[in-house]
Amino acid sequence: MGRVDWLLSKMTLQEKVGQLNLVTAGQVVTGPSGSGDVMANVRAGTVGGVFNIWGREPVAVLQRAAVEESRLGVPLFFGLDVLHGFKTIFPSPLAEAGAFDPLLWEETARAAAEEAASEGIDLTFAPMLDICRDSRWGRIVEGPGEDPLVGAKFAQAKIRGFQGAGLSSSVALAATAKHFCGGGAAQAGRDYAAIDMSDRELHETYLPPFAAAVAAGCAAVMPAFNSLAGIPLTAHGALVTGWLREKRGFDGVVVSDYTAIAELVEHGVAADEVEAAALALKAGVDMDMVSGCYLRLPEALSRGLVAEADIDAAARRVLALKEKLGLLDDPYLRLAPARAPRKTWSELALDAARRSIVLLMNRDALPLDANIRRLAVVGPLADARAEMLGPWSAAGDPAKAVTTLDALRATWTQGDVLHHRGVDIDGGDASGIGAARALCETADAIVLCLGESAGMSGEAASRAMPGLPGRQRELAEAALSAGPPVVLVLSSGRPLMIADLIERAAAVVASWQLGDRTGDAIADVLLGRFNPSGRLAVTWPRDVGQIPLHYAQRSTGRPPQSTDPFTSKYLDLPNDPLFHFGYGLSFASVSLKNLRATPEEFDDAPVRIEVEASNDGKVATEATIFLFLHDAVASVARPVMELKEWAKVALAPGEARTVSFLLDRSHFQFLDRTLEPVVEAGDFDVRVGLDADSRSALETRIRLRGPTLAADRPSDAITDVPG
Ligand code: GLC
């Protein structure tokens, strides 16, 4: 008998149920309620894990109580939301996704894991893998953007980074793929709201990152708060047990979100918390985060709502996780005396920040002119340390964050840096605008730093009008009319709907929330020390009225035609976004030519696609080249474009290089009318471009001859699973 089963055989029912109870220690508040006397419950053996705590000493105190004072001495695991850094804070996931660099994604996760594990953390509630095409939703900042392929690669990179060489390593964190799934499509972009989508949309867009996470061996999965087509994910047996465990082979722990089990009563699918506990357990949820409902499973047992075997299965998975984490061998594995950090992560934070910045517009205003002598740095985000870290900044220290003002004052030595905050980030006080304008009028150029606070995105931070908060718009008007050229630096957790202001600026930089080294990275771009290479991982709408807006739309029978009123368009806005998915400028200019497919007609993959990329600029650059496919005719209407590969290529000034992609059968695969994977013969349009704007992409048509080919990936369809 293995150690896990031996332990289980010794446990009372209450002790088994205790392993399913995940409580918050409250060192940081991430939900609406607390967990009471954690120490007493640990000693009583009714706690399996503790989260929202860090630091070797406080963690050790709780671990010693579990190991030395509870009856069986089963160790706890300790969790925290380490999304984009622990003490060293890296760019927000949405920003970092824009680097389109899996190696970077992995490296920052590895750094975060080493830092967090050295402070007693065993598990992170990350990566967040919610695909999102609705920037009203505040949590768009936590995820990889709008595209399922980016989401899948992001999942694999982050899980490799967090879990490293293996969970039993003292510097590994167990990763939790969350939130399973579809929360990014909550109705009207409102957090926690119902999700209603087709099975096709679910399987084509929202599930792929979780399939990738399971394939990458993630240790845990967290269901979303929301209901999907009337079934709360926390009680969705067909998805959690049927698809995740049985179809994809996930064998880890499913941990509920914060009080989500108790919320099944609010959802209206459970009459009381005992029924809620039974529903969640039967659906396949192993741990109860904070709600305490699982402590009432003995009542559910006596009411015949669950079997003891259900409880045993969940407790077995929790104990197996602790064994994988090395905690059954050494409960203090991640509490050893602090090792010196393997290397300073600050340089990595700067590199990640630089590569996450997106240059959206530049009318020869950047790099800043060497003749400038008076630089006005204006706006509430110019010197706002805490906002640079963004939401979910774990043990990050705002005092460490470098602001744009800091960095310009420290490194721009050719003249005077003037500063005025102008207005607050939010609120109605506009009294500072006059002075700020007066200062702008005396300058040679203006760096205008506007945007959101860290709390205006992330959880419970949906915005119905995602423009500039407070009186920032008036400040922008004042700066734009003051005379000198305005470089607009946006700090936000989402695309901001300020198309009119963007179009009037001399240059616009999307800096998102870049973490500790924000200011250094921004200054490096403004002063030309770094050539921006970041791209948009999410479409940037002109207006909230266009949402949901993304590049992979399905066509319609009446595609928009400006000359034909009976086509799919608005009366008051164009259909196209302000900036397309994948968009981003640099100080060089890259052009693509000679797109070719070999062979152009084929009976089976592979097909080689080649294109020539050249740097027509005067500085070295790193281009990101995207390959999209459009299945021209299929048994199901296919999106007008689907990202299938991307490549990054470094180009010296004047250099031209051939970029090559190899398409295999899986690239041509889609889900047929029964949601089974299939490859159908026919024509495919290959579009290769620098972003998802099909008008500027190179295009060639290839033809798959012969019969429909068998797919080379297992079916994704949900099995019929009770519960
Ligand atoms: C929050 C979030 C979830 C997080 C958890 C623990 O409510 O929804 O993403 O991991 O609680 O902090």
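Predicted model: local features only at pLDDT ≥ 70, side-chain atom pairs only at ≥ 80, totals over all residues.

User: Which distances apply to Lys178 and Glu459?

Analyst: For Lys178, a polar side-chain atom lies 2.8 Å from an oxygen atom of the ligand. For Glu459, an N or O atom of the side chain is 3.0 Å from a ligand oxygen atom. The protein covers 100% of the 310 Å² of accessible area that the ligand has on its own.

User: Which residues are the closest to the ligand, and how many surround it?

Analyst: The ligand is surrounded by 14 residues, the closest being Thr30, Asp81, Lys178, His179 and Asp257. By class, this shell comprises 7 nonpolar, 2 polar and 5 charged residues.

User: How do you know whether the radius of gyration of the protein agrees with that of a compact globule?

Analyst: A compact globule of 723 residues would have a radius of gyration near 27 Å; the protein has 26 Å, and therefore the two agree. The C-alpha trace spans about 75 × 65 × 45 Å along its principal axes.

User: What share of the residues is buried, and what does the term require?

Analyst: Buried residues, those under 20% relative accessible area, make up 62% of the 723 residues in the protein.

How values were computed:
Residues numbered from 1 in each chain as written. Heavy atoms only, no water. Near = heavy atom within 4 Å. Polar contact = N/O pair within 3.5 Å; in protein donor to acceptor, adjacent residues only side chain to side chain. Areas by Shrake-Rupley, 256 points an atom, 1.4 Å probe, with all protein chains shown as cover. Nonpolar A, V, L, I, M, F, W, Y, C, P; charged D, E, K, R; others polar. Rg over C-alpha atoms; globule rule 2.2 N^0.38 Å. Buried < 20%, exposed > 50% of the residue type's maximum accessible area, 1.4 Å probe, protein only.
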